[in-house]
Amino acid sequence: MENMNWSDLSFGYMKTDYNVRCYYRNGKWGELEVSSSEIINIHMAATCLHYGQEAFEGLKAFKGKDGKVRIFRMKENGKRMQASSRGIKMAELPVETFEEAVLKVVRLNERFVPPYGSGASLYIRPLLIGLGAQVGVKPADEYMFLVFVTPVGPYFKTGFLPSKVCMMRGYDRAAPLGTGTIKVGGNYAASLAAGELAKEKGYAAVLYLDPKEKKYLDECGPANFFAIKGNNYITPKSESILPSITNKSLMQLAEDMGMTVERRPVPIEELATFEEAAECGTAAVITPLSQVDDLDEGKSYVFTTTNKPGPVCTKLYQKLTGIQCGDEPDPYGWVTIL
Ligand code: PLP
Ligand code: COI
């Protein structure tokens, strides 16, 4: 990897050496298997292809100044994949097996972990799919769990510089009591049309509204939303958003910094009162928002015109990324050292 230009990496797929797989058959999970193939060979009637029995996760590994590799909050991702599995009736993978697979795949691909200070990291993508052949709408009896890794740079091309997002009432990513709180592929399929339209119009992402009343902020396409007002960290509470592990971490860090955390419904009009706003997620890390445009009402909510992240977002960003790469103490045991 000597001639890799790590700092130029975008958020894309690059082939690595190995992936790790595990099959659920006859009512039980088998042993972890290592593969060097990027291809999976599955039945044409597999439920993942027809009925969307698919869930995925996203987490990252970071190289520290000390050369050690750190994986951020993998237990949380393991638990969330179980919640996704319950939501769409798939077999639940034990959290310990999830963790074991993540450690194994990172170890096997250690040469792809980007160096400290490059701004890049190793993205870990676990997925779980229904393999069993069915034509009727019912859960599969066989499943495959797979984890691959790929080195990535920033998800949004602005990185930690402000980007703009838009609201469009004609699109939802999830139904009010649907699958918004779990990480299943169908939510992302449902977001593609709006996401592409937003990009055509020059926005980084869509800020979705609550699908029931369209009165409150939900979340961005691939990330949660939070805002800063005075000493308060404000983030939506909703029945249709993904519980972000990054957001959960930031709420803790904000509290530790002496801020008040408010997790509650956030009405659209409140956007006019925020001093800073941002998207947060594993891929997005913290991506500050310069403005939110309401495309139906022709209104803009502007947070900054200086193309610089706000002071609170900057502090949170430094703290979070500091813990992830080992520059800051890890008082909550969020990091697993390889
Ligand atoms: N919301 C959605 C819809 C996402 O896809 C993600 C990414 O995983 C997030 C929020 C952020 O979650 P996390 O911080 O756990 O990556
Ligand atoms: C992540 O942040 O890990 C995600 O899954 C977001 C996106 C790439 C779908």
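Ile71 is located in strand β6, which spans residues 69-72; strands and helices here are DSSP runs, numbered from the N terminus, with at least two residues (E) for a strand and at least four (H or I) for a helix. The structure is a predicted model, in which local features need a pLDDT of at least 70 and side-chain atom pairs count only at pLDDT 80 or more, whereas totals for chains, interfaces and linings use all residues. Residues are numbered from 1 along each chain as its sequence is written, chains are lettered from A and ligands numbered from 1 in the order in which they are written, and side-chain values use heavy atoms, with hydrogens and water left out.

Ile71 counts as buried because its relative accessibility is 0%. The term buried denotes a relative accessible area under 20%, exposed denotes over 50%, and partly exposed lies in between, with a 1.4 Å probe and protein chains only. Apart from neighbours within four places in sequence, Ile71 is in contact with Leu59, Lys60, Ala61, Val102, Leu103, Val106, Ile124, Trp334, Val335, Thr336 and Leu338, where contact means heavy atoms within 4.5 Å. Between the C-alpha atoms of Ile71 and Ser84 the distance is 21 Å, and the two residues are 13 apart in sequence.

Glu57 is placed in the loop between β4 (54-56) and β5 (59-63). Because its relative accessibility is 0%, Glu57 counts as buried. With residues up to four places away in sequence not counted, Glu57 touches Asn77, Arg80, Met81, Phe98, Tyr123, Ile124, Arg125, Pro126 and Lys183.

A side-chain N or O atom of Tyr123 is 2.6 Å from an oxygen atom of ligand 2, and a side-chain N or O atom of Lys183 is 2.7 Å from an oxygen atom of ligand 2. The backbone also takes part, with an N or O atom of Ala283 lying 2.8 Å from an oxygen atom of ligand 2. Ligand 2 taken alone exposes 280 Å², of which the protein buries 89%; accessible areas come from the Shrake-Rupley method with a 1.4 Å probe, and for residues only the protein chains shown count as cover.

Lys183 also approaches ligand 1, with an N or O atom of its side chain 2.8 Å from an oxygen atom of that ligand. A polar side-chain atom of Ser244 lies 2.6 Å from an oxygen atom of ligand 1, and a polar backbone atom of Ile245 is 2.8 Å from an oxygen atom of ligand 1. Taken alone, ligand 1 exposes 380 Å², and the protein buries 96% of that area. The shell of ligand 1 holds 16 residues, of which Tyr188, Glu219, Ser244, Thr246 and Thr282 come nearest. At least two residues of this shell are supplied by each of α5 (245-256) and β15 (276-281).

Three further positions concern loops. Lys214, in the loop between β10 (205-209) and β11 (217-220), has a positive phi of about 55° although it is not a glycine. Its relative accessible area is 22%, so Lys214 is partly exposed. Asn307 is found in the loop between β17 (299-302) and α6 (311-325), and its phi is near 60°, a positive value in a residue other than glycine. Asn307 is partly exposed because its relative accessible area is 46%. Asp141 lies in the loop between β7 (121-130) and β8 (143-152). Asp141 and Gly130 are eleven residues apart in sequence, with 7.6 Å between their C-alpha atoms.

Thr260 belongs to strand β14 (residues 260-264). At 41% relative accessibility, Thr260 counts as partly exposed. Not counting residues up to four places away in sequence, Thr260 touches Asn231, Asn232 and Tyr233.

Definitions and conventions: Near = heavy atom within 4 Å. Polar contact = N/O pair within 3.5 Å; in protein donor to acceptor, adjacent residues only side chain to side chain.
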